[in-house]
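Look at the fold first, then at the single residues picked out below.

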Amino acid sequence: MKITLAHGSGGASTKELIEQIFAASYNNPVLDMMEDSAVVDGSKKIAITTDSFVVDPIFFKGGNIGRLAVCGTVNDLLMRGATPKYITSAFIIEEGADTKDLKLIAAAMAQAAKEAGVYIVAGDTKVINGNGGIYINTSGVGFIDGPDFCSSRCKEDDVIIVSGSMGDHHAAILSHRMGIKNDIVSDVAPLCEMVLALKNKGIEVHAMRDVTRGGLGTVLNELADASKTCFELEEDKIPVNEQVRSFVKLLGLNIMHMGNEGKLVAVVAKKDANEALRIIRESKYGENAAIIGSVTSGDGVVMKTAIGGKKKVGILIGEGLPRIC
Ligand code: MG
(Lines give C-alpha, C1' and ligand atoms only; values in the text may rest on other atoms or scores of the structure.)
Protein backbone atom coordinates (compact mmCIF):
# COMPACT_ATOMS: atom_id res chain seq x y z
CA MET A 1 0.00 0.00 0.00
CA LYS A 2 1.24 3.51 -0.84
CA ILE A 3 1.17 6.23 1.78
CA THR A 4 -1.21 9.10 1.01
CA LEU A 5 -1.72 12.43 2.75
CA ALA A 6 -4.74 10.82 4.49
CA HIS A 7 -2.27 8.73 6.52
CA GLY A 8 -1.12 11.98 8.10
CA SER A 9 -4.58 13.40 8.76
CA GLY A 10 -4.77 12.23 12.37
CA GLY A 11 -7.92 10.26 11.53
CA ALA A 12 -8.68 6.63 10.76
CA SER A 13 -5.83 6.10 8.26
CA THR A 14 -3.28 7.50 10.70
CA LYS A 15 -4.58 5.20 13.43
CA GLU A 16 -4.34 2.23 11.09
CA LEU A 17 -0.78 3.13 10.05
CA ILE A 18 0.36 3.53 13.65
CA GLU A 19 -1.37 0.43 14.93
CA GLN A 20 -0.41 -1.88 12.10
CA ILE A 21 3.17 -0.82 11.57
CA PHE A 22 4.74 1.08 14.43
CA ALA A 23 2.88 -0.09 17.54
CA ALA A 24 2.86 -3.66 16.22
CA SER A 25 6.65 -3.62 15.76
CA TYR A 26 7.72 -1.71 18.85
CA ASN A 27 5.27 -3.11 21.39
CA ASN A 28 6.33 -2.76 25.03
CA PRO A 29 4.39 -1.97 28.22
CA VAL A 30 5.21 1.77 28.17
CA LEU A 31 4.31 2.42 24.53
CA ASP A 32 1.29 0.15 24.63
CA MET A 33 -0.46 2.55 27.04
CA MET A 34 -0.79 4.93 24.06
CA GLU A 35 -1.01 8.05 26.22
CA ASP A 36 0.08 11.53 25.19
CA SER A 37 3.47 11.06 26.82
CA ALA A 38 5.41 8.13 28.23
CA VAL A 39 5.94 7.93 31.98
CA VAL A 40 9.05 5.97 32.95
CA ASP A 41 11.31 5.34 35.92
CA GLY A 42 14.22 7.75 36.25
CA SER A 43 17.77 8.10 37.50
CA LYS A 44 19.71 10.81 39.33
CA LYS A 45 21.87 11.63 36.31
CA ILE A 46 20.65 11.17 32.75
CA ALA A 47 22.09 11.62 29.27
CA ILE A 48 19.82 12.99 26.53
CA THR A 49 20.46 13.10 22.81
CA THR A 50 18.59 13.56 19.54
CA ASP A 51 19.42 12.92 15.91
CA SER A 52 17.64 13.01 12.55
CA PHE A 53 18.26 10.45 9.83
CA VAL A 54 17.96 11.29 6.15
CA VAL A 55 20.22 8.62 4.65
CA ASP A 56 19.95 8.01 0.91
CA PRO A 57 19.37 5.15 0.03
CA ILE A 58 17.07 4.09 2.89
CA PHE A 59 18.00 0.43 2.35
CA PHE A 60 21.69 -0.40 1.99
CA LYS A 61 23.99 -3.37 2.43
CA GLY A 62 24.15 -4.13 6.15
CA GLY A 63 21.07 -2.21 7.28
CA ASN A 64 18.45 0.44 6.65
CA ILE A 65 17.44 3.86 7.94
CA GLY A 66 15.56 2.27 10.87
CA ARG A 67 18.52 0.34 12.24
CA LEU A 68 20.63 3.44 11.72
CA ALA A 69 18.16 5.66 13.61
CA VAL A 70 18.24 3.42 16.69
CA CYS A 71 21.98 2.67 16.64
CA GLY A 72 22.99 6.30 16.08
CA THR A 73 21.08 7.50 19.11
CA VAL A 74 21.95 4.54 21.33
CA ASN A 75 25.64 4.99 20.49
CA ASP A 76 25.59 8.71 21.29
CA LEU A 77 24.23 7.90 24.77
CA LEU A 78 26.88 5.22 25.29
CA MET A 79 29.66 7.64 24.35
CA ARG A 80 29.00 9.64 27.53
CA GLY A 81 29.15 6.50 29.66
CA ALA A 82 25.36 6.23 29.90
CA THR A 83 23.32 3.04 29.77
CA PRO A 84 20.69 3.63 27.05
CA LYS A 85 17.14 3.18 28.36
CA TYR A 86 14.44 4.88 26.29
CA ILE A 87 14.17 6.22 22.78
CA THR A 88 11.52 7.99 20.74
CA SER A 89 10.80 7.53 17.06
CA ALA A 90 9.36 10.30 14.86
CA PHE A 91 8.77 9.62 11.18
CA ILE A 92 8.35 12.20 8.44
CA ILE A 93 7.00 10.33 5.44
CA GLU A 94 6.49 11.69 1.94
CA GLU A 95 3.33 10.56 0.20
CA GLY A 96 4.02 7.66 -2.13
CA ALA A 97 6.23 5.79 0.35
CA ASP A 98 5.39 2.11 0.54
CA THR A 99 3.98 0.54 3.72
CA LYS A 100 6.08 -2.57 2.91
CA ASP A 101 9.20 -0.46 3.38
CA LEU A 102 7.83 1.12 6.56
CA LYS A 103 7.21 -2.34 7.99
CA LEU A 104 10.79 -3.43 7.25
CA ILE A 105 12.14 -0.22 8.77
CA ALA A 106 9.99 -0.51 11.91
CA ALA A 107 11.01 -4.17 12.30
CA ALA A 108 14.70 -3.21 12.04
CA MET A 109 14.17 -0.51 14.67
CA ALA A 110 12.48 -2.98 17.00
CA GLN A 111 15.27 -5.51 16.52
CA ALA A 112 18.03 -2.94 17.13
CA ALA A 113 16.18 -1.60 20.20
CA LYS A 114 15.90 -5.11 21.59
CA GLU A 115 19.59 -5.73 21.02
CA ALA A 116 20.46 -2.45 22.71
CA GLY A 117 18.11 -3.08 25.65
CA VAL A 118 16.05 0.08 25.08
CA TYR A 119 12.33 0.63 24.86
CA ILE A 120 10.87 2.79 22.11
CA VAL A 121 8.47 4.67 24.38
CA ALA A 122 7.01 7.41 22.19
CA GLY A 123 6.50 8.08 18.53
CA ASP A 124 5.04 10.39 15.94
CA THR A 125 4.12 10.14 12.28
CA LYS A 126 3.70 13.01 9.83
CA VAL A 127 2.94 12.73 6.12
CA ILE A 128 3.94 15.48 3.73
CA ASN A 129 3.79 16.07 -0.04
CA GLY A 130 6.71 14.57 -1.85
CA ASN A 131 8.08 11.60 -3.64
CA GLY A 132 8.12 8.63 -1.29
CA GLY A 133 10.99 9.74 0.98
CA ILE A 134 11.26 8.54 4.58
CA TYR A 135 13.04 10.46 7.35
CA ILE A 136 13.32 9.57 11.02
CA ASN A 137 14.19 11.48 14.17
CA THR A 138 15.08 9.57 17.31
CA SER A 139 15.76 10.99 20.76
CA GLY A 140 17.23 8.93 23.55
CA VAL A 141 17.65 8.90 27.30
CA GLY A 142 20.33 6.97 29.16
CA PHE A 143 21.17 6.58 32.83
CA ILE A 144 24.60 7.42 34.21
CA ASP A 145 25.79 5.64 37.32
CA GLY A 146 29.48 6.19 37.86
CA PRO A 147 31.79 8.50 35.94
CA ASP A 148 30.68 10.02 32.63
CA PHE A 149 33.09 10.19 29.71
CA CYS A 150 34.05 13.64 28.48
CA SER A 151 36.28 14.92 25.64
CA SER A 152 38.14 17.39 27.87
CA ARG A 153 39.42 14.56 30.08
CA CYS A 154 41.93 13.18 27.55
CA LYS A 155 45.44 13.63 28.87
CA GLU A 156 49.06 12.98 28.04
CA ASP A 157 50.01 9.28 27.91
CA ASP A 158 46.42 8.12 27.38
CA VAL A 159 46.06 5.40 24.79
CA ILE A 160 43.80 5.67 21.72
CA ILE A 161 41.81 2.58 20.75
CA VAL A 162 39.43 2.13 17.82
CA SER A 163 36.90 -0.70 17.95
CA GLY A 164 37.34 -1.87 14.36
CA SER A 165 37.83 -1.02 10.70
CA MET A 166 37.28 2.55 9.55
CA GLY A 167 35.07 3.85 6.73
CA ASP A 168 32.78 0.85 6.22
CA HIS A 169 29.41 2.63 6.39
CA HIS A 170 30.58 5.53 4.24
CA ALA A 171 32.06 3.20 1.60
CA ALA A 172 28.90 1.04 1.55
CA ILE A 173 26.62 4.05 0.98
CA LEU A 174 28.92 5.56 -1.64
CA SER A 175 29.24 2.22 -3.48
CA HIS A 176 25.45 1.94 -3.60
CA ARG A 177 25.01 5.49 -4.89
CA MET A 178 27.67 5.07 -7.55
CA GLY A 179 26.44 1.62 -8.59
CA ILE A 180 29.83 0.07 -7.83
CA LYS A 181 29.58 -3.67 -7.13
CA ASN A 182 31.63 -4.93 -4.18
CA ASP A 183 31.15 -6.76 -0.87
CA ILE A 184 31.46 -3.70 1.39
CA VAL A 185 28.79 -3.79 4.10
CA SER A 186 27.77 -0.96 6.45
CA ASP A 187 28.94 -1.52 10.03
CA VAL A 188 25.79 0.03 11.56
CA ALA A 189 25.46 -1.51 15.05
CA PRO A 190 24.67 -0.69 18.67
CA LEU A 191 27.88 -0.70 20.71
CA CYS A 192 26.32 -1.48 24.10
CA GLU A 193 28.14 -4.71 24.80
CA MET A 194 31.66 -3.29 24.52
CA VAL A 195 30.95 0.01 26.28
CA LEU A 196 29.05 -1.51 29.19
CA ALA A 197 31.75 -4.20 29.56
CA LEU A 198 34.43 -1.49 29.82
CA LYS A 199 32.36 0.27 32.47
CA ASN A 200 31.56 -2.89 34.41
CA LYS A 201 35.22 -3.94 34.48
CA GLY A 202 36.18 -0.53 35.88
CA ILE A 203 38.38 0.51 32.94
CA GLU A 204 39.47 4.15 33.29
CA VAL A 205 37.91 5.58 30.13
CA HIS A 206 38.53 9.32 29.77
CA ALA A 207 36.63 10.00 26.56
CA MET A 208 34.74 8.10 23.94
CA ARG A 209 33.23 9.08 20.58
CA ASP A 210 31.50 7.15 17.86
CA VAL A 211 33.28 7.65 14.56
CA THR A 212 30.44 8.94 12.38
CA ARG A 213 30.15 11.84 9.92
CA GLY A 214 33.51 13.53 9.43
CA GLY A 215 35.41 10.33 10.19
CA LEU A 216 38.21 9.54 12.63
CA GLY A 217 40.26 12.60 11.62
CA THR A 218 37.47 14.99 12.56
CA VAL A 219 36.55 13.21 15.81
CA LEU A 220 40.16 13.09 17.02
CA ASN A 221 40.71 16.77 16.22
CA GLU A 222 37.65 17.58 18.34
CA LEU A 223 39.04 15.52 21.23
CA ALA A 224 42.49 17.13 20.89
CA ASP A 225 40.93 20.61 20.85
CA ALA A 226 38.69 19.95 23.86
CA SER A 227 41.53 18.55 25.96
CA LYS A 228 44.36 20.79 24.64
CA THR A 229 46.50 17.79 23.78
CA CYS A 230 47.99 16.22 20.66
CA PHE A 231 46.76 12.90 19.29
CA GLU A 232 49.62 10.93 17.73
CA LEU A 233 48.60 8.08 15.47
CA GLU A 234 50.43 5.33 13.64
CA GLU A 235 49.00 4.99 10.16
CA ASP A 236 49.68 1.28 9.78
CA LYS A 237 47.87 0.48 13.05
CA ILE A 238 44.54 1.92 11.86
CA PRO A 239 42.33 -1.02 10.87
CA VAL A 240 40.83 -0.77 7.38
CA ASN A 241 38.99 -3.53 5.57
CA GLU A 242 40.95 -4.47 2.38
CA GLN A 243 38.00 -3.80 0.05
CA VAL A 244 37.42 -0.42 1.66
CA ARG A 245 41.13 0.36 1.30
CA SER A 246 41.05 -0.37 -2.45
CA PHE A 247 37.79 1.56 -2.83
CA VAL A 248 39.25 4.60 -1.07
CA LYS A 249 42.40 4.45 -3.23
CA LEU A 250 40.42 4.06 -6.43
CA LEU A 251 38.30 7.13 -5.72
CA GLY A 252 41.06 9.22 -4.16
CA LEU A 253 39.21 9.54 -0.83
CA ASN A 254 40.73 10.04 2.62
CA ILE A 255 39.95 7.18 5.01
CA MET A 256 40.43 9.59 7.94
CA HIS A 257 37.31 11.49 6.84
CA MET A 258 35.05 8.53 6.15
CA GLY A 259 32.26 7.79 8.57
CA ASN A 260 31.15 4.63 10.30
CA GLU A 261 27.96 3.86 12.20
CA GLY A 262 29.19 1.06 14.44
CA LYS A 263 32.69 2.02 15.53
CA LEU A 264 34.03 4.00 18.43
CA VAL A 265 37.26 5.55 19.53
CA ALA A 266 38.10 5.25 23.22
CA VAL A 267 40.76 7.24 25.03
CA VAL A 268 41.81 5.25 28.10
CA ALA A 269 44.38 5.52 30.87
CA LYS A 270 47.66 3.84 29.84
CA LYS A 271 47.51 1.39 32.75
CA ASP A 272 44.21 -0.04 31.47
CA ALA A 273 44.93 0.05 27.73
CA ASN A 274 45.72 -3.64 27.13
CA GLU A 275 42.79 -4.79 29.25
CA ALA A 276 40.47 -2.37 27.45
CA LEU A 277 41.63 -3.69 24.08
CA ARG A 278 41.02 -7.27 25.22
CA ILE A 279 37.50 -6.42 26.45
CA ILE A 280 36.57 -4.65 23.21
CA ARG A 281 37.99 -7.47 21.08
CA GLU A 282 35.93 -10.03 23.00
CA SER A 283 32.74 -7.98 22.58
CA LYS A 284 30.25 -8.14 19.73
CA TYR A 285 31.41 -5.91 16.83
CA GLY A 286 34.85 -5.39 18.39
CA GLU A 287 36.96 -8.24 17.04
CA ASN A 288 39.18 -5.96 14.92
CA ALA A 289 39.83 -3.37 17.62
CA ALA A 290 43.32 -1.89 17.72
CA ILE A 291 45.50 0.52 19.65
CA ILE A 292 46.30 3.23 17.10
CA GLY A 293 48.31 5.76 19.06
CA SER A 294 48.60 7.86 22.17
CA VAL A 295 47.96 11.30 23.54
CA THR A 296 50.97 13.63 23.88
CA SER A 297 51.60 17.27 24.69
CA GLY A 298 50.97 19.77 21.92
CA ASP A 299 47.91 20.17 19.75
CA GLY A 300 46.06 18.71 16.78
CA VAL A 301 46.32 15.27 15.26
CA VAL A 302 49.57 13.94 13.84
CA MET A 303 50.03 10.70 11.95
CA LYS A 304 53.28 8.76 11.66
CA THR A 305 53.18 7.28 8.19
CA ALA A 306 54.26 3.75 7.33
CA ILE A 307 57.44 5.09 5.67
CA GLY A 308 58.50 7.03 8.76
CA GLY A 309 57.21 10.53 7.96
CA LYS A 310 54.78 12.62 9.98
CA LYS A 311 51.73 14.43 8.67
CA LYS A 312 49.04 16.55 10.19
CA VAL A 313 45.49 15.17 10.02
CA GLY A 314 42.84 17.86 9.53
CA ILE A 315 39.11 17.89 9.99
CA LEU A 316 36.77 17.29 7.08
CA ILE A 317 36.28 20.55 5.21
CA GLY A 318 33.23 21.05 3.02
CA GLU A 319 30.30 18.74 2.74
CA GLY A 320 31.97 15.38 2.14
CA LEU A 321 29.33 12.85 1.16
CA PRO A 322 25.91 14.24 2.09
CA ARG A 323 23.06 12.08 3.43
CA ILE A 324 25.29 9.35 4.80
CA CYS A 325 23.15 9.13 7.97
MG1 MG B 1 28.44 10.85 18.21
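**Overall build**

This is a predicted model. The protein contains 8 helices and 13 strands. Its radius of gyration is 20 Å, close to the 20 Å from the globule rule for 325 residues, so the protein is as compact as a globular protein of that length. The C-alpha trace spans about 65 × 50 × 30 Å along the principal axes.

Buried residues account for 53% of the 325 residues. Of the contacts with a separation of 6 or more, 86% join residues 24 or more positions apart.

The accessible surface is about 14,800 Å². Carbon and sulfur atoms hold 52% of that surface. As for charge, the protein carries 35 positive and 40 negative side chains. The centres of these two sets lie 3 Å apart.

**The nonpolar core**

In soluble globular proteins, nonpolar side chains tend to be buried together. Here, the largest nonpolar core has 94 residues. Which residues have the most contacts inside this core? They are F91, L216 and F231. Helix α3, residues 99-116, gives the most to the core, with 8 residues.

Take F91 next. Beyond its neighbours within four places in sequence, F91 is in contact with F22, Y26, L102, I105, M109, D124, T125, K126, I134, Y135 and I136. The range of helix α3 is 99-116, and the contact list of F91 includes L102, I105 and M109.

F231 sits in strand β9. Is F231 buried or exposed? Its relative accessible area is 0%, under the 20% cut-off, so F231 is buried. With neighbours within four places left aside, F231 is in contact with C154, I160, L220, L223, A224, V267, S294, V295, G300, V301 and V302. A276 is another matter of distance: A276 and F231 are 45 residues apart in sequence, and their C-alpha atoms are 18 Å apart in space.

**Backbone points in loops**

The bond from D56 to P57 is cis, with omega near 10°. P57 lies in the loop between β1 (46-53) and β2 (59-60).

Two non-glycine residues with positive phi come next. K228 has a phi of about 50° and is not a glycine. K228 is placed in the loop between α6 (215-227) and β9 (230-234). Y285 also is a residue other than glycine, and its phi is near 75°. The loop that holds Y285 runs between α8 (273-282) and β11 (290-296).

How accessible are K228, Y285 and K270? The table lists the values.

| Residue | Relative accessibility | Class |
|---|---|---|
| K228 | 70% | exposed |
| Y285 | 25% | partly exposed |
| K270 | 58% | exposed |

The classes follow from two cut-offs: exposed means over 50%, and partly exposed lies between that value and 20%. K228 is at 70%, so K228 counts as exposed. Y285 is at 25%, so Y285 counts as partly exposed.

The C-alpha atoms of Y285 and C192 are separated by 9.9 Å, and the two residues are 93 residues apart along the chain.

K270 is found in the loop between β10 (264-268) and α8. Where does its reach along the chain lead? K270 touches D157, D158 and V159, with residues up to four places away not counted. The C-alpha atoms of K270 and D157 are 6.2 Å apart, although 113 residues separate K270 and D157 along the chain.

Technical notes
Residues numbered from 1 in each chain as written. Predicted model: local features only at pLDDT ≥ 70, side-chain atom pairs only at ≥ 80, totals over all residues. Heavy atoms only, no water. Core = buried A, V, L, I, M, F, W, Y, C linked by side-chain atoms within 4.5 Å. Buried < 20%, exposed > 50% of the residue type's maximum accessible area, 1.4 Å probe, protein only. Helix = DSSP H or I, 4+ residues; strand = E, 2+ residues; numbered from the N terminus. Contact = heavy atoms within 4.5 Å. Rg over C-alpha atoms; globule rule 2.2 N^0.38 Å. Areas by Shrake-Rupley, 256 points an atom, 1.4 Å probe, with all protein chains shown as cover. Lys, Arg positive; Asp, Glu negative; His and termini not counted. Charge placed at Lys NZ, Arg CZ, Asp CG, Glu CD.
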